[in-house]
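Thanks for coming. I will take a few minutes to walk through one structure, for those who have not looked at it before.

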Amino acid sequence: MEQIKLFDAELTVMRYLWEHGPVLAAQMAEEFLKMYGWKKSTTYIVLKRLEGKGTLRREAPKYRVVPLVTREQVQLAETSSLIEKMFGGSFTSLFANFLSSDQVSDSTLEELQALIDEKKKEK
C-alpha cells in the first residue's frame, strides 16, 4: 500500500467512519454541520479528496461512504512519517525522546516493559 498522508479534516472524517462504519454522505454532512459547523460542501470536498487518496469509496446511488483503510494502517503510516521526519528514521531516538519526558509515569513504564517483553517472546 502507498504511504497514507491525511490532513486534520480528512482524519476527522476517517475517525467518524471507523467509529460508525459505512454511512450515507448526506447523513455525515448533517452530523458534521452539528458537530463542527462544516457546510455540506466542505464535507463533500473532504470525502472527494479521501476517495482520490483511496482511503474510502462512495457507492451510488445515495453515496454510501465506506472506509477502505483501517485506523491501524493510518496510525502506522503516520508514525513512520513522524519517525522519518523528526528523528531521521530512528525509532530508538523517538523512544529516547519519549522516555526523557517528565510525563512518563511508573505505570506507563511498566506497560511499555510488558509490551517489550511480549514482543521478545514472539521472536
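Which residues does Met-28 touch, leaving out those up to four places away in sequence? They are Val-13, Tyr-16, Leu-17, Val-23, Thr-43 and Leu-47. Before going on, please keep in mind that this is a predicted model.

Met-28 also turns up in the largest nonpolar core, which has 21 residues. Along with Val-13, Met-14, Leu-17 and Leu-56, Met-28 touches the most other members of that core. Where do the core residues come from? The elements that give two or more residues to this core are helix 1, at 8-20, then helix 2, helix 3, and helix 4, at 71-87. Helix 1 contributes the most, with six residues. As general background, nonpolar side chains in soluble globular proteins tend to be buried together.

Helix 2 covers residues 25-36 and helix 3 covers residues 40-52. Their axes come within 9 Å and cross at roughly 125 degrees, so helix 2 and helix 3 are oblique to each other. The crossing of these two helices is right-handed. On the helix 2 side, the contact is made by Ala-25, Ala-26, Met-28, Ala-29 and Phe-32. On the helix 3 side, Lys-40, Thr-43, Tyr-44 and Leu-47 take part. By type, the residues of this contact divide into seven nonpolar, one polar and one charged.

Thr-12 lies in helix 1. Is Thr-12 buried or exposed? Its relative accessibility is 18%, and the cut-off for buried is under 20%, so Thr-12 counts as buried.

Last, the loop between strand 2, at 56-59, and strand 3, at 64-67, where Pro-61 is found. The peptide bond from Ala-60 to Pro-61 is cis, with omega near 5 degrees. Tyr-63 is in the loop between strand 2 and strand 3 too. Tyr-63 is not a glycine, yet has a positive phi of about 55 degrees. For background, most residues other than glycine have a negative phi, and most peptide bonds are trans. With 43% relative accessibility, Tyr-63 counts as partly exposed.

That is the end of my part.

Note on methods. Residues numbered from 1 in each chain as written. Predicted model: local features only at pLDDT ≥ 70, side-chain atom pairs only at ≥ 80, totals over all residues. Heavy atoms only, no water. Axes fitted to C-alpha atoms, helices over the stretch in contact; angles between N-to-C directions. Helix = DSSP H or I, 4+ residues; strand = E, 2+ residues; numbered from the N terminus. Parallel < 35°, antiparallel > 145°, perpendicular 65-115°, else oblique. Left-handed = near helix turned anticlockwise from the far one by under 90°. Contact = heavy atoms within 4.5 Å. Nonpolar A, V, L, I, M, F, W, Y, C, P; charged D, E, K, R; others polar. Core = buried A, V, L, I, M, F, W, Y, C linked by side-chain atoms within 4.5 Å. Buried < 20%, exposed > 50% of the residue type's maximum accessible area, 1.4 Å probe, protein only.
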